[in-house]
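Please keep the sequence and the structure in view while reading.

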Amino acid sequence: MKSFSLLNNFLYVLFTIIVSLIYLPILVMIVFSFNSSKYQIMPFRNFTTSWYQRVLTDSQYIEGLTNSLIVSISVSFFATLLAFFCAYSLVNSNFKGKSFLNIFFLTPLVVPLILIGISLRFYLTSRGYEPSLFLVAIGQSIFVMPLAILNLSNRMSQIPKNLEEAAWSLGSSRLRSMFEIILPSCKFSLIATFILTFTFAFDEFIIAYFLTNFSITLPIKIWTSLVTGFDPAINAIGTIVFLTSLTLGLISQILFLKK
Amino acid sequence: MISKSIKLKNINKKFDKTEVINSFNLEINAGEFITLLGPSGCGKTTLLRMIAGLEHVTSGNIYIGEDDVTSVPPNKRDTSIMFQDYALFPHMNIKQNIGYGLKLKKIHKEEIDKKTNDWLRKIDLEDYGLRMPHEISGGQRQRVALARSLVVEPSVLLLDEPLGALDANLRKNMQSELKKVHSDIGITFVYVTHDQEEALSMSTKIVLMNKGKIEQMSIPVDLYNKPKSSFAAKFMGFSNIFSIENKQELDMSNFFKILKDKEIGKQKICFRSNNVNFKIHTNGEFKVVSKQYFGGMYQIEVSNDNNIIINLMSDESFSNNIQINDNLNLTIDSKDIIFLENQ
């Protein structure tokens with residue numbers, strides 16, 4: 001018993017260390033976002049919200065934020081919608097090479113983002129498309145799609161097959177049962193997928209960097225600010241983004257649990 | 001409601017390369033309550049799903065009434081199917097569940113309302129219309145599923161072990177309820193079950209299936225009393241199946257001595273364990289091997305020098321004092337011995 005509780009304590013300490021490693025830098029960022037000093041060093045001077053005021057009145061940050069919101073919302077809407085149909089066909093049909101195709105659906109998750117960014121840039125510009133937010137939306141959709149398909153097909157495979165069969169036997173067509181039986185059963189998963197893909201697209205930097213020129217998203221704006229010298233306002237915007245992502249992430253996790 | 005006949009002509013079904021249904025022919029008359037009975041894996045559910053259109057046939061034709069429906073999708077067939085787990089739509093309340101099929105038929109709203117209310121009354125759930133499926137009991141869900149299938153007035157109702165998930169008491173009630181519904185509305189019922197008691201008590205005809213083929217098709221009384229094969233006998237609860245050399249030679253005083261393992265002799269026979277009479281006798285040719293209590297009854301296994309093991313079933317009061325290794329003398333009436341046709 002004694003050695004058992006010793007191990008238990010050890011695991012507890014380990015867990016604490018890991019969680020601290022993840023959240024400590026973020027905590028530092030949050031603390032410094034309220035620090036009046038221009039320099040990112042201790043000691044903490046005075047409490048201030050001036051960085052927040054600056055961010056929220058800076059037209060460049062506001063533009064980046066607006067662009068990011070437009071792109072991310074379109075990406076998550078488009079990806080969730082398309083993923084619903086993909087997941088339905090993956091779960092409900094049995095064709096040759098299905099499992100092979102399944103692997104291909106999921107590879108964008110593991111392919112380095114820089115490859116997706118570069119190849120899409122070369123391909124799309126060679127087809128005569130100018131780098132723009134629209135291309136960013138396409139690139140990010142490709143990036144988040146596997147995640148959306150994975151989430152939705154997970155849920156759909158839990159829905160008993162005979163719910164739809166009962167609907168068919170009562171006179172429902174396949175398309176109708178998809179919308180009237182399957183869609184309502186995936187309600188929470190759809191919302192959760194929408195939120196999750198939104199947070200992924202909102203944070204995404206590499207693909208966006210390669211696929212746009214002049215209209216930039218928020219992560220690109222943050223990066224350029226960092227390159228040209230440190231601006232403490234970054235702490236403020238980082239805190240806003242972090243807290244929003246955290247809240248949305250938690251909501252989507254809860255929704256997944258609700259099914 | 002209009003009742004229709006079903007005809008299955010030369011049906012074959014393969015899943016990948018395994019043959020599930022093999023040259024299957026069956027004619028079901030309009031208005032019949034037919035049961036597809038058999039062990040799991042015999043193809044009975046697949047057959048039912050093929051009639052519903054939920055499963056393609058590999059070859060062969062299915063007729064409902066006069067129409068060849070072999071390639072007609074399930075939503076265009078005149079059948080309704082009821083599943084073992086009821087498959088009620090979890091996001092719709094009871095009333096919406098029952099009315100779903102009517103909504104699909106583009107029937108007027110007031111008409112839907114009237115019909116669903118009628119059915120809610122018929123299944124005794126008048127005040128439950130606004131509840132969700134997870135808020136009612138298993139037996140109630142069962143009745144909702146039945147109402148949902150019947151409100152669309154199908155010509156054929158297909159039932160896939162619909163009572164399998166209910167407890168014994170509820171099962172008995174539902175059995176008689178289903179029978180009553182059948183005689184009230186008079187449409188064709190095709191019922192799938194592995195429970196021979198259920199099949200016997202409900203159906204007008206039983207199709208006993210084995211490995212994708214019909215083993216025997218009879219009215220319940222005949223299947224119970226005159227099984228044709230050792231498979232049918234075993235399935236209908238005959239626990240004593242043996243063989244003898246020649247049918248003519250039956251000498252009742254010597255009967256248990258001439259029994260052979262069922263695979264050896266020319267003529268297969270069977271008899272029920274409760275038809276064997278026995279008495280303790282010091283020179284008895286059978287020895288008690290095991291004894292098991294079955295609530296009011298004992299099942300006793302005895303064996304003789306030829307290693308023939310016979311199952312006996314008798315009243316608790318009568319067999320209470322019988323011990324393992326006791327010697328017994330057995331007798332049986334010749335009318336209780338059934339000669340199996342298929343060898």
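**Briefing on a predicted model**

In the nonpolar patch, the largest share, nine residues, comes from H1(A).

**The nonpolar patch of chain A**

- The patch covers about 1,100 Å² of surface, and its members include Leu7(A), Phe10(A), Val19(A), Tyr23(A) and Leu250(A).
- Two helices of chain A, H1 (2-32) and H12 (233-258), each supply at least two residues of the patch.
- Val19(A), one of the patch residues, is placed in helix H1 of chain A.
- The relative accessible area of Val19(A) is 32%, and this residue is therefore classed as partly exposed.

**Confidence in chain B**

- The average pLDDT of chain B is 89, and 99% of the residues reach a score of at least 70.
- Within chain B, confidence is highest in strand S3 (residues 33-37), at 95, and lowest in helix H9 (residues 316-319), at a mean of 83.

**A strand pair in chain B**

- Strands S1 (residues 6-15) and S2 (residues 18-28) of chain B are paired in the antiparallel sense, over seven bridges.
- Phe15(B) is placed opposite Thr18(B), which belongs to S2(B).

**Two buried residues**

- Ser225(A) is part of helix H11 (residues 218-227) of chain A; with a relative accessible area of 7%, Ser225(A) is buried.
- Not counting residues up to four places away in sequence, Ser225(A) touches Tyr61(A) and Ile234(A).
- Asn210(B) belongs to strand S9 (residues 205-210) of chain B, and its relative accessible area of 17% makes Asn210(B) buried as well.
- Apart from neighbours within four places in sequence, Asn210(B) is in contact with Cys42(B), Glu215(B) and Phe231(B).
- Asn210(B) and Gly139(B) are 71 residues apart along the chain, and their C-alpha atoms are separated by 30 Å.

**Salt bridges**

- Side chains of opposite charge can pair when their charged atoms come close.
- Over all chains, the structure holds 17 salt bridges.
- One of them joins the side chains of Glu198(B) and Arg171(B), with 2.8 Å from N to O.
- Because Glu198(B) lies in helix H6 (residues 196-202) of chain B and Arg171(B) in helix H5 (residues 168-185) of chain B, this pair ties together parts that are 27 residues apart in sequence.
- Glu198(B) is buried at a relative accessible area of 2%, and Arg171(B) also counts as buried, at 17%.
- Lys180(B) forms a salt bridge with Asp184(B), and the closest N and O atoms are 3.3 Å apart.
- Both Lys180(B) and Asp184(B) lie in helix H5 of chain B, where they are four residues apart, about one turn of the helix.
- Lys180(B) is exposed, with a relative accessible area of 53%, and Asp184(B) is exposed, with 52%.
- Asp336(B) and Lys335(B) meet through their side chains in a salt bridge of 3.4 Å, N to O; Asp336(B) is buried, at 16% relative accessible area, whereas Lys335(B) is exposed, at 63%.
- Elsewhere, Lys114(B), Asp118(B), Arg121(B) and Glu126(B) are joined into one network by salt bridges that share partners.

Definitions and conventions: Residues numbered from 1 in each chain as written. Chains lettered and ligands numbered in written order. Predicted model: local features only at pLDDT ≥ 70, side-chain atom pairs only at ≥ 80, totals over all residues. Heavy atoms only, no water. Patch = residues over 30% accessible without salt bridge, like charges linked within 9 Å, V, L, I, M, F, W, Y side chains within 5 Å. Areas by Shrake-Rupley, 256 points an atom, 1.4 Å probe, with all protein chains shown as cover. Salt bridge = Lys/Arg side-chain N within 4 Å of Asp/Glu carboxyl O. Buried < 20%, exposed > 50% of the residue type's maximum accessible area, 1.4 Å probe, protein only. pLDDT = per-residue confidence, 0-100. Pairing = 2+ DSSP bridges. Contact = heavy atoms within 4.5 Å.
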